[in-house]
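Please examine the sequence and the structure shown below. The paragraphs that follow lead through several of the local features.

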Amino acid sequence: VDNGFELNEFDDICDVYIINTCSITEVSDAKSRKIIRQAIKRNPNAIIAVMGCYAQLKPQDIQGIEGVDVIVGTNNRHLLYDLVINAMKSKDQSMIVEDIFKVKQYEEIKLKRYNNKTRGFIKIQDGCNNLCSYCTIPYARGTVRSRHHKDIVDEIQILTDQGMKEIVLTGINTASYGQDFKDYDFADLLLEIITNVKGLGRLRISSIEVTEVTDKILKVISENKEKFCHHFHIPLQGGTDKTLERMHRKYNIDFYKAKIKQVREIFPDVNITTDVLTGFCGETDQDFQDTCNLIKEIGFGELHVFPYSRRPETVAYNYPDQVNEITKHIRVNELLRINEDIALNYRNKFLDKPVEVIVEKVHNGVAYGHSSNYLEVEFKGNVKPNELVNVRVVEVGYPKSKGVIA
C-alpha cells in the first residue's frame, strides 16, 4: 500500500502475483506448478514472482515455466519488492536462490500491518537440524536460525496493543528456537514474553517436537498456566520404534508417551494433536496396526495424516521395501476414519461445559471461533470478532461443535 500497490484476492486479475510454494511432497510440487500456471493464464501480462520451498529445491523447474519473472528461494525475501519493480521495467527473468546451508542469520522482515484481527502469528525461527530420513525441509530451509528475542517481544507487544487476544508462536521447527545461541533457548523466550509483554492474552505454540518438550519448558508452562493455550501439537510420525528409528526420529514410543503424560499432568483437559506419516518404507501390516492401536491408546484430539512421499533429496529415497501406493491409500483412509472417532471422543469431554472462545468471524448472526484447547465452536449471539466469549458446548461435532453463550 505504501508503494502504490493494493492487496487483492488471488482469483482477481492482478498486475503482480506472488506465489509462496510448498515442496513437502510430490503433490505439493504439482500443486505449486498448477497455481503458477493458473496465475499466468489469468493475466499473461502480469509479473509472476515465485518463492518458497519448491523454488528453493527445484528452481530449474520453475525457470522452465514460460511467464515466470522472479524466482526467490527461502532466503532474500526482503529483495522481493525490488525484483518485482525491476521485472515490471524490463520483463527479464531474475532468480536469487542461494545455498541455504550457508545461510546462518535469521532474515528479519518486519511487518507494518497485520490483516488477521484475532490471532497473531509470530515467526520466531527458520530451518531445522533434525534431518529426518524422509523430509526435505532441511534442504529447503537450511539449519536453525533464531530471531532475536527483542524483535519477537516487540512485535508481540505491538499486536497485543492492537487488541489481539491470542499470539501463536510459529517456525519451521518452533521449539528448536535458540539452538544457534549460546545461552538462550525456547524456555527463556517463553518466560521473557510472559514477563515483558504488557496485556498479553493467551499464548499458543504452533507445534513442538517431543524431544523439545524439556523439563525447563514444562516448568515455565506449569508456573504460568493461565497464559498458555491448553493445546499442543506434538508430531508422532511413526507408530513403532522400528519405524521411528528408520525415520531418524530421535525418540522411541515410551519416551513419547512419557512426555504426553507430563503435559497432561499440567493440563488434564489438554488437546494433544499430532502428525502421522503412513506407508513409510518397510511399514508392515502389523506395524500399521500397532500405530492404530497406539493412536487410540494415547487419545489424541486430532490427527494430521500424510502418506509417505518418496523424495530424491532424502536418505529414505534409497531405502528398500517401498510401500505401494494402493496400500498407502488404504492406510490413509483408515487413519482418517480413526481420526473422526478420536476427535469426537475428545470433544465429548466438553459436552455441556463452558469453553472460552475467541470470535474469529460472524456471519448471518452466527459466530465462529476456537477455544483455548482448539475446539472450533459456532454459536448465535450479538458478538463481534476478537471478543472473548464463554460458550457452553451443547452439540458435539467434528470439525465444528455447537454452543450457546454461557
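**Backbone, helices and surface**

In this predicted model, N386 lies in the loop that links β14 (376–380) to β15. Although N386 is not a glycine, its phi is positive, at about 80 degrees. Most residues other than glycine have a negative phi, and most peptide bonds are trans. N386 counts as buried because its relative accessibility is 13%, and buried means under 20%.

Q237 is placed in the loop between β9 (231–233) and α9 (241–246). With a relative accessibility of 11%, Q237 is also classed as buried.

The loop between β15 (388–395) and β16 (400–405) contains P399. Here the peptide bond from Y398 to P399 is cis, and its omega is near 10 degrees.

The next feature concerns a pair of helices. Two packed helices are described by the angle between their axes and the distance between the axes. For helix α6 (residues 149–161) and helix α7 (residues 186–196), the axes come within 10 Å and cross at roughly 40 degrees. The two helices α6 and α7 are therefore oblique to each other. The crossing in which α6 passes α7 is right-handed.

On the surface, a nonpolar patch is formed by F5, Y81 and M88, which together have about 270 Å² of accessible area. One of these residues, F5, belongs to the segment before β1 (16–21).

Methods:
Residues are numbered from 1 along each chain as its sequence is written. This is a predicted model: local features need pLDDT of at least 70, side-chain atom pairs count only at pLDDT 80 or more; totals for chains, interfaces and linings use all residues. Side-chain values use heavy atoms; hydrogens and water are left out. Patches are made of residues with over 30% relative accessible area and no salt bridge: like charges are joined within 9 Å, nonpolar side chains (Val, Leu, Ile, Met, Phe, Trp, Tyr) within 5 Å. Accessible areas come from the Shrake-Rupley method with a 1.4 Å probe; for residues, only the protein chains shown count as cover. A salt bridge is a side-chain nitrogen of Lys or Arg within 4 Å of a carboxyl oxygen of Asp or Glu. Helices (H or I, at least four residues) and strands (E, at least two) are DSSP runs, numbered from the N terminus. Axes are lines fitted to C-alpha atoms, for helices over the stretch in contact, and angles run from 0 to 180 degrees between N-to-C directions. Angles under 35 degrees count as roughly parallel, over 145 as roughly antiparallel, 65 to 115 as roughly perpendicular and the rest as oblique. A crossing is left-handed if the near helix is turned anticlockwise from the far one by less than a right angle, and right-handed if clockwise. Buried means under 20% relative accessible area, exposed over 50%, partly exposed in between (1.4 Å probe, protein chains only).
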